[in-house]
Amino acid sequence: MTESQAWVAALRGSGPRHDDAVARLHALLLGGARSELGRRRGALAHVRGDELDDIATQAADDALVAVLAKLDDYRGVSRFTTWAYKFVLLEAGVRLRRRAWQGREVVLDTAGWAGFAAAGGSAHDAVEQAELIAALGRAVDTVLTPHQRRVFVALALNEVPIDVLAERLATTRGALYKTLHEARRRLRAELEL
């Protein structure tokens, strides 16, 4: 039995063997979360050490729950620990983005269009870009539903992380991806005319 198969068997089992595997996996995930947070330390200078440890613990806890829930999805293509590690990297990233946006306002209106244009280039390029941005702004206002407009503006214009927006709007990332995809499709169709 390979090491990966042993992990899966122990986690699917019960009793002390299962409990030991869960504890070892949690310790591995916690180490991964701490490592990821340490790697991003420069961007986290404003976060206290105890907060970072709390974020790492929460990421490891959520990653453990996700791994156990998706255990049947493990195909054995990579080592089990490598497969499980991706869950904690995702969770740590989500928690960091949420922490960075904590207390910040999520702007859902189109007031920021004026600052959207890139600087530099020729006068001709600036005029073309201004016309394109104006056409995009009109399309956003006229072609998109109010919900599509809010999602598109928050994600594409104001660069709100999708997991933060999902939390603020009490929806899922998948629902937001679908809304954003449909909004982009509608805008492309309108601008191609």
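Reader: In which handedness does α2 pass α4?
Author: The crossing of α2 past α4 is right-handed. A crossing is right-handed if the near helix is turned clockwise from the far one by less than a right angle, and left-handed if anticlockwise. This is a predicted model: local features need pLDDT of at least 70, side-chain atom pairs count only at pLDDT 80 or more, and totals for chains, interfaces and linings use all residues. Residues are numbered from 1 along each chain as its sequence is written, and side-chain values use heavy atoms, with hydrogens and water left out.

Reader: At what angle do α2 and α4 pack?
Author: About 50 degrees, with the axes of α2 and α4 9 Å apart. Helix α4 covers residues 80-101, and helix α2 covers residues 15-39. Axes are lines fitted to C-alpha atoms, for helices over the stretch in contact, and angles run from 0 to 180 degrees between N-to-C directions. Helices are DSSP runs (H or I, at least four residues), as are strands (E, at least two), numbered from the N terminus.

Reader: What does that angle of about 50 degrees make α2 relative to α4?
Author: Oblique. Under 35 degrees counts as roughly parallel, over 145 as roughly antiparallel, 65 to 115 as roughly perpendicular, and the rest as oblique.

Reader: Which residues make the contact?
Author: From α2, Leu25, Leu28, Leu29, Gly32, Ala33, Ser35, Glu36 and Leu37. From α4, Phe80, Thr81, Ala84, Tyr85, Val88, Leu89, Ala92 and Leu96. Contact means heavy atoms within 4.5 Å. By class, the contact of α2 with α4 has 12 nonpolar, 3 polar and 1 charged. Ala, Val, Leu, Ile, Met, Phe, Trp, Tyr, Cys and Pro count as nonpolar, Asp, Glu, Lys and Arg as charged, and the others, Gly among them, as polar.

Reader: Glu36, then. Buried or exposed?
Author: Buried, at a relative accessible area of 9%. The cut-offs are under 20% for buried, over 50% for exposed and partly exposed in between (1.4 Å probe, protein chains only).

Reader: What does Glu36 touch?
Author: Leu89 and Ala92, leaving aside residues up to four places away in sequence. The Glu36 side chain also has a polar contact of 2.8 Å with the side chain of Arg39. A polar contact is a pair of N or O atoms within 3.5 Å; within protein, one must be able to donate a hydrogen and the other to accept it, and residues adjacent in sequence count only if both atoms are side-chain atoms.

Reader: Switching to α1. At what angle does α1 pack with α2?
Author: About 120 degrees, with their axes 7 Å apart. That makes α1 oblique to α2. The crossing here is left-handed.

Reader: Which residues meet there?
Author: Ala6, Trp7, Ala9, Ala10 and Leu11 of α1 meet Arg17, His18, Ala21, Val22, Arg24 and Leu25 of α2. That contact has 8 nonpolar, 1 polar and 2 charged residues.

Reader: Where is Asp61?
Author: In helix α3, residues 49-69. Asp61 is partly exposed, at 34% relative accessibility. Its side chain makes a polar contact of 2.6 Å with the His26 side chain.

Reader: Last one. How many helices and strands in the chain?
Author: 8 helices and 0 strands. Of the 193 residues, 35% count as buried.
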